[in-house]
Protein chains: 4
Amino acid sequence: MIAEFSVTPIGSGVHVGGYVTKAVQIVHDSGLKYALNPMGTVVEGPWEEVMAVIKRCNDELLKDCERLSFVIKVDSRRGPSPPMEDKVRSVNDRLER
Amino acid sequence: MIAEFSVTPIGSGVHVGGYVTKAVQIVHDSGLKYALNPMGTVVEGPWEEVMAVIKRCNDELLKDCERLSFVIKVDSRRGPSPPMEDKVRSVNDRLER
Amino acid sequence: MIAEFSVTPIGSGVHVGGYVTKAVQIVHDSGLKYALNPMGTVVEGPWEEVMAVIKRCNDELLKDCERLSFVIKVDSRRGPSPPMEDKVRSVNDRLER
Amino acid sequence: MIAEFSVTPIGSGVHVGGYVTKAVQIVHDSGLKYALNPMGTVVEGPWEEVMAVIKRCNDELLKDCERLSFVIKVDSRRGPSPPMEDKVRSVNDRLER
């Protein structure tokens with residue numbers, strides 16, 4: 001499946017980039033395919049592995065932050081998902097510029 | 001933690017109530033505390049249990065639907081979360097009507 | 001349409017109930033049909049009116065908060081939407097308890 | 001502000017790329033700064049302009065689709081938002097690879 005998630009520390013100040021970096025580092029170290037965008041991180045892999053990575057982000061960030069808000073969006077298919085870059089390419093190919 | 005999730009079958013017609021009911025039945029049968037609202041289901045419990053229920057919804061609905069879109073929002077705290085009904089009551093108590 | 005939204009102040013402390021109440025008060029005062037749940041507020045009405053209420057929440061809360069995160073989920077139909085309570089009732093009627 | 005949104009046609013088949021392209025074309029034609037990712041489109045601009053573009057997507061897609069589901073995530077600040085690419089760069093610069 002392909003999932004996008006973002007994590008927002010609540011009550012940890014207005015500059016949350018350090019915490020976000022920590023979460024992305026955990027995704028990076030997982031070995032799963034991922035891509036960063038300005039509003040979240042897209043991760044590709046089996047459901048359980050992707051969710052385990054997000055749980056690890058939760059556990060690690062709760063060491064520093066009292067409260068976290070996650071938004072997770074999942075695109076799940078019966079068969080294998082096309083690779084995440086195909087979704088962007090397929091739209092880009094059809095755009096009239 | 002407290003999580004809200006919704007599942008949208010893609011390509012399974014415009015009337016998706018039957019699939020949504022199937023998902024809510026799975027939540028109901030899990031024994032976890034939950035509450036239905038017009039846009040999703042709020043579930044309260046430990047991270048792993050809540051996520052396992054959502055995964056079960058995914059696995060069961062994929063038997064009938066080719067593709068699913070999930071939106072999951074998580075409110076996660078270092079210590080125990082206050083019960084979900086407290087969040088509504090605390091706002092309701094302060095509203096001026 | 002029917003929309004659910006939640007607003008999270010970033011960098012305004014861990015107890016955000018006061019800000020949430022302010023947002024719900026704005027929804028209440030709008031006269032639109034709404035329902036509170038533990039993770040957000042569901043509002044029913046024409047697209048422009050619902051979005052205007054959310055914008056008002058943004059403008060008012062930015063007076064007190066430096067940064068806000070909104071999550072908005074919209075269920076939009078070509079014709080009229082069934083009233084929000086129908087969505088819950090239709091699922092509840094089919095649940096086996 | 002910076003917003004990410006995605007639109008999912010419900011009941012319009014499992015291949016929704018054509019509709020998504022139509023929405024992205026509307027964003028592109030708006031002249032607002034935007035970036036596509038595998039799970040959504042990030043748009044930067046004043047609240048009213050960004051929301052007007054999303055509304056246009058709704059109106060145009062409802063001509064072809066009976067029902068749409070939108071997820072909109074907003075990062076809103078009292079002052080000017082840093083440009084969207086800064087958010088990714090700031091995390092990338094801190095990652096240990």
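Predicted model: local features only at pLDDT ≥ 70, side-chain atom pairs only at ≥ 80, totals over all residues.
Let me begin with C:Ser12, which counts as buried because 20 other C-beta atoms lie within 10 Å of its own, and 20 is the number from which a residue is called buried.

Where does C:Ser12 sit in chain C? The residue is found in the loop between S1 and H1 of that chain. If we leave aside the neighbours within four places in sequence, C:Ser12 is in contact with C:Tyr19 and C:Cys65. Beside that, C:Ser12 and C:Glu66 are 7.7 Å apart in space, C-alpha to C-alpha, although 54 residues separate them in sequence.

Now to chain B itself, and to helix H2, which runs over residues 47-61. This helix has 15 residues and reaches 21 Å from its first C-alpha to its last, which is close to the 21 Å expected at 1.5 Å a residue. Which residues of H2(B) are buried? They are B:Val50, B:Met51, B:Val53, B:Ile54, B:Cys57 and B:Leu61, and, seen down the axis of the helix, the buried residues fall within an arc of 155°, so they line one face of H2(B). The face turned away from that buried side carries the exposed residues B:Glu48 and B:Asp59. As for what covers the buried residues, the cover includes helix H2 of chain A, together with strand S1, helix H1, strand S3 and strand S4 of chain B.

Finally, a pair of helices from two other chains: helix H1 of chain A, residues 17-30, packs with helix H3 of chain D, residues 84-94, at an angle of about 65°, with their axes 9 Å apart, and the crossing of H1(A) and H3(D) is right-handed. Here A:Gly17, A:Val20, A:Thr21 and A:Val24 meet D:Ser90, D:Val91 and D:Arg94, and the residues of this contact divide into three nonpolar, three polar and one charged.

Key:
Residues numbered from 1 in each chain as written. Chains lettered and ligands numbered in written order. Axes fitted to C-alpha atoms, helices over the stretch in contact; angles between N-to-C directions. Helix = DSSP H or I, 4+ residues; strand = E, 2+ residues; numbered from the N terminus. Left-handed = near helix turned anticlockwise from the far one by under 90°. Contact = placed C-beta atoms within 7 Å. Nonpolar A, V, L, I, M, F, W, Y, C, P; charged D, E, K, R; others polar. Expected span 1.5 Å × (residues − 1). Buried ≥ 20, exposed ≤ 12 C-beta atoms within 10 Å, placed from the backbone. Arc of directions from axis to C-beta.
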